[in-house]
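Welcome! Please take a moment to look over the sequence and turn the model around before reading on.

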Amino acid sequence: MDIIFLEQVKVQTKLGVPDWERMMPQTIILDIEIGYDLTNACQSDAIADTIDYGAVVRRIRETLTENSFKLVEALAEHLCQLILKEFGALSVKIKVAKPGILPGLKALGVAIERKV
Ligand SMILES: Nc1nc2c(c(=O)[nH]1)N=C([C@H](O)[C@@H](O)CO)CN2
């Protein structure tokens, strides 16, 4: 499977289990691997034959402004389903990290993979 990757994407969103945590946006960091057949794009050199990674980032920022989640798990699932359905990806692997939440560790979060 060919991969389009987006590394260390910083996004502002309202996220967290306690109500107070969702009152203000916080920074999360996303690592995303989008599975897609890039054979045609490699030959044609045409953006129409691939998934425009800039469009994916813009859509992620938009949906994470419009939506608020309690769990990083729910946020990760939402993004996987959006990329599969709206961009025609064959698979999506996503890691969602919340930095600076607990003392003594750099970040925590989840990583999930979904396929069509
Ligand atoms: N598995 C998870 N555990 C926890 C989450 C989560 O999203 N998934 N979230 C929290 C709180 O939001 C915490 O980050 C801050 O109070 C706790 N555990």
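Below is a short tour, from the whole chain down to single residues.

This is a predicted model, in which local features need pLDDT of at least 70 and side-chain atom pairs count only at pLDDT 80 or more, while totals for chains, interfaces and linings use all residues. Residues are numbered from 1 along each chain as its sequence is written.

**The whole chain**

- The protein chain has three helices and four strands; helices (H or I, at least four residues) and strands (E, at least two) are DSSP runs, numbered from the N terminus.
- The C-alpha trace spans about 50 × 30 × 20 Å along its principal axes.
- Of the 116 residues in the chain, 18% are buried. A residue counts as buried if 20 or more other C-beta atoms lie within 10 Å of its own, as exposed if 12 or fewer do, and as partly exposed in between, with C-beta atoms placed from the backbone.
- Among contacts between residues at least 6 apart in sequence, 56% join residues at least 24 apart; two residues are in contact if their C-beta atoms, placed from the backbone, lie within 7 Å.

**What the record says**

- The UniProt annotation "domain: Dihydroneopterin aldolase/epimerase", from an unreviewed entry, covers residues 4-114. UniProt positions are given in the numbering used here, feature names are shortened, and annotations may be inferred rather than shown by experiment.
- Over residues 4-114 the chain is 32% helix and 33% strand, and the end C-alpha atoms are 15 Å apart.

**The sheet and a helix on it**

- Four strands form an open sheet in the order E1-E2-E3-E4, with antiparallel pairing; two strands pair if DSSP finds at least two bridges between them.
- Strand E1 (3-13) and strand E4 (107-115) are the edge strands, each pairing on one side only.
- On average, neighbouring strands of this sheet are turned by 15 degrees against each other, direction ignored.
- Helix H3 packs on the sheet, where it touches strand E2 (26-35), E3 and E4, and its direction makes about 145 degrees with that of E3. For such angles, axes are lines fitted to C-alpha atoms, for helices over the stretch in contact, and angles run from 0 to 180 degrees between N-to-C directions.
- Strand E3 (residues 91-99) and E4 run antiparallel and are joined by nine bridges; Pro99 has Ala107 in E4 as its bridge partner.
- Seven bridges pair E2 with E3, again in the antiparallel sense, and Gly35 has Ser91 in E3 as its bridge partner.

**Around the ligand**

- Which residues are around the ligand? They are Gly16, Val17, Pro18, Glu21, Leu71, Val72, Glu73, Lys98 and Ile101; a residue is near a molecule if its C-beta atom, placed from the backbone, lies within 6 Å of it.
- This shell has five nonpolar, one polar and three charged residues. Ala, Val, Leu, Ile, Met, Phe, Trp, Tyr, Cys and Pro count as nonpolar, Asp, Glu, Lys and Arg as charged, and the others, Gly among them, as polar.

- Leaving aside neighbours within four places in sequence, Gln8 is in contact with Ile29 and Asp31.
- Glu86 sits in helix H3 (residues 72-87) and is partly exposed, with 13 other C-beta atoms within 10 Å.
- The C-alpha atoms of Glu86 and Leu75, 11 residues apart along the chain, are separated by 16 Å.
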